[in-house]
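Take a look at the chain shown here. The text below leads through it in steps, starting with charged pairs.

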Amino acid sequence: MTAALEPVTLKYGFHRTRKMRKADTLRRPPARRQRPFSSFSALRYRLLALLAVIGPGFITANVDNDPGGILVYSQAGAKYGYMLLWTLIPTTIALIVVQEMAARMGAITGKGLSDLIREEFGLRMTFFTMAVLGLADFGNIASEFAGLATGMGIFGISKYIAVPAGALLVWLVIVRGSYKPVERVLLILSMIYFAYPVSAILAHPDWKLALKDTLVPQFNSDPGYIVMIVALIGTTITPWMQFYLQASVVEKGISKRNYGLTRIDVIFGCIVTDVIAFFIVVACAATIFHSQHREITDAAEAARALAPFAGRFASLLFAIGLVNAALMSAAILPLATAYNICEGLGFESGIDRRFSQAKIFYSLYTILIVGGAGFVLIPGLPLLKVMVISQVANGILLPFVLIFMLKLINRERLMGEYRNGFWGNLIAGSTSVVMVLLTIALIYNSITGA
């Protein structure tokens, strides 16, 4: 037998000659040429990857624009026009620095901030952190439901209907949901914040003056002006944000492999939240600042004041943004507290777990929701004093949280090559010192009423 006719045993047990195999090859259609991986395909892949991890940074930063924050931005525009817009630039930088640190620690260590504080600094310090954060958050939760009550009041709905309905809604979304669906809901709610840019455009502001005052700082010796600067910057970085962001990064399963995209999510969220703040200030500066009544005691009052100048539609958009901010904050703040306490004490936590798997976590969340909403419904209680006490508690806790974060992120045993470098420490340390000083000043002014 010639070499060409030599039998070849195939895997399936029957014989074919090499000549027959060659004939089969000739009959086979030519293979398609692989298309090169185009730049468009690469961009599409990166965009899909970004959309897969976006959420924790964007949601956390947007919740920072809660009813209390909206009130501060509204007061800034109503009292001083565009003059305070410049403060949003250093505020954004400070927010990015601190939020990026929290997200990086979550991605690299796979642990929440309370978990790391307990492991590295002991249970006593963890308990102190939990107690003060719980007190501050309870006051903040009550103020969120108060914002919901005043916002829905614009639409003629009583707080005795709006607050229980809102509390039940956020409880069902969190307790009955899992992480991904809840995150989608929160992302959709975050989009509603863009009602504020539309409201500002309808107010027909002086864009040239607004841009100038954003880029060129203006200083004024008026004590009220200084207090407003402290309030604007001091309301930006709060302790609960760091606990919630780091816990949500861990729960989403983000690791060092895809942290680069999460970092984009954090930076993008910080920029967007202060862009929204910019438009809130602009809307009130273009309208209420030119009126005789510039004093605003709650964010709903700002929404009503817009109507004579920017029209009913702009006023309604402002009110919708306020209600949305109240609902988001009322959902997230109790979560941050529940994460903090359960991580610190070693209990199971996370909205991907069922109630039976994380009873302490969900029970704490329920108590905070019921307590905060119920507090608002009690007639005659001094809600303003509660808000002041919560600010003081935040101020007491914030220096500790920032110091903890700087110490943790510089430990090679925890962070390895991802710890802060010289410039990172310089920027973060300077930001921390400035924020501590501003918070102390805010507490002083809150206590003295200056």
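A salt bridge is a side-chain nitrogen of Lys or Arg within 4 Å of a carboxyl oxygen of Asp or Glu. Arg419 and Glu412 meet that definition, for their closest N and O atoms are 3.9 Å apart. Salt bridges that share partners also join Glu100, Arg104 and Arg263 into one network. How exposed are the two partners of the first pair? Arg419 is partly exposed, at 32% relative accessibility. Glu412 counts as exposed, because its relative accessibility is 55% and exposed means over 50%.

Keep in mind that this is a predicted model. The mean pLDDT of the protein chain is 78. Of its residues, 79% reach 70 or more. Which element has the lowest mean pLDDT, and which the highest? Strand β1, residues 7-9, has the lowest, at 45. Helix α11, residues 207-215, has the highest, at 93. Over residues 1-16, pLDDT stays under 50. For that stretch the model has 22 contacts beyond four places in sequence.

Back to the charged pairs. How many salt bridges does a search of the whole structure find? The search finds nine. Side chains of opposite charge can pair when their charged atoms come close. One of the bridges joins Arg353 to Glu348, with the closest N and O atoms 2.7 Å apart. Arg353 is partly exposed, with a relative accessible area of 33%. Glu348 is partly exposed too, at 44%.

Another bridge links Lys212 and Asp213, at 3.8 Å from N to O. Is Asp213 buried or exposed? Asp213 is buried, because its relative accessible area is 4% and buried means under 20%. Lys212 is partly exposed, with a relative accessible area of 46%.

Now turn to the nonpolar side chains. Which residues form a nonpolar patch on the surface? They are Ile89, Ile93, Leu211, Leu215 and Val216. Together they have about 460 Å² of accessible area. Two helices, α5 (88-109) and α11, each supply at least two residues of this patch. Ile89 lies in helix α5. At 39% relative accessibility, Ile89 counts as partly exposed.

Methods: Residues are numbered from 1 along each chain as its sequence is written. This is a predicted model: local features need pLDDT of at least 70, side-chain atom pairs count only at pLDDT 80 or more; totals for chains, interfaces and linings use all residues. Side-chain values use heavy atoms; hydrogens and water are left out. pLDDT is the predictor's confidence in each residue, from 0 to 100. Helices (H or I, at least four residues) and strands (E, at least two) are DSSP runs, numbered from the N terminus. Contact means heavy atoms within 4.5 Å. Buried means under 20% relative accessible area, exposed over 50%, partly exposed in between (1.4 Å probe, protein chains only). Patches are made of residues with over 30% relative accessible area and no salt bridge: like charges are joined within 9 Å, nonpolar side chains (Val, Leu, Ile, Met, Phe, Trp, Tyr) within 5 Å. Accessible areas come from the Shrake-Rupley method with a 1.4 Å probe; for residues, only the protein chains shown count as cover.
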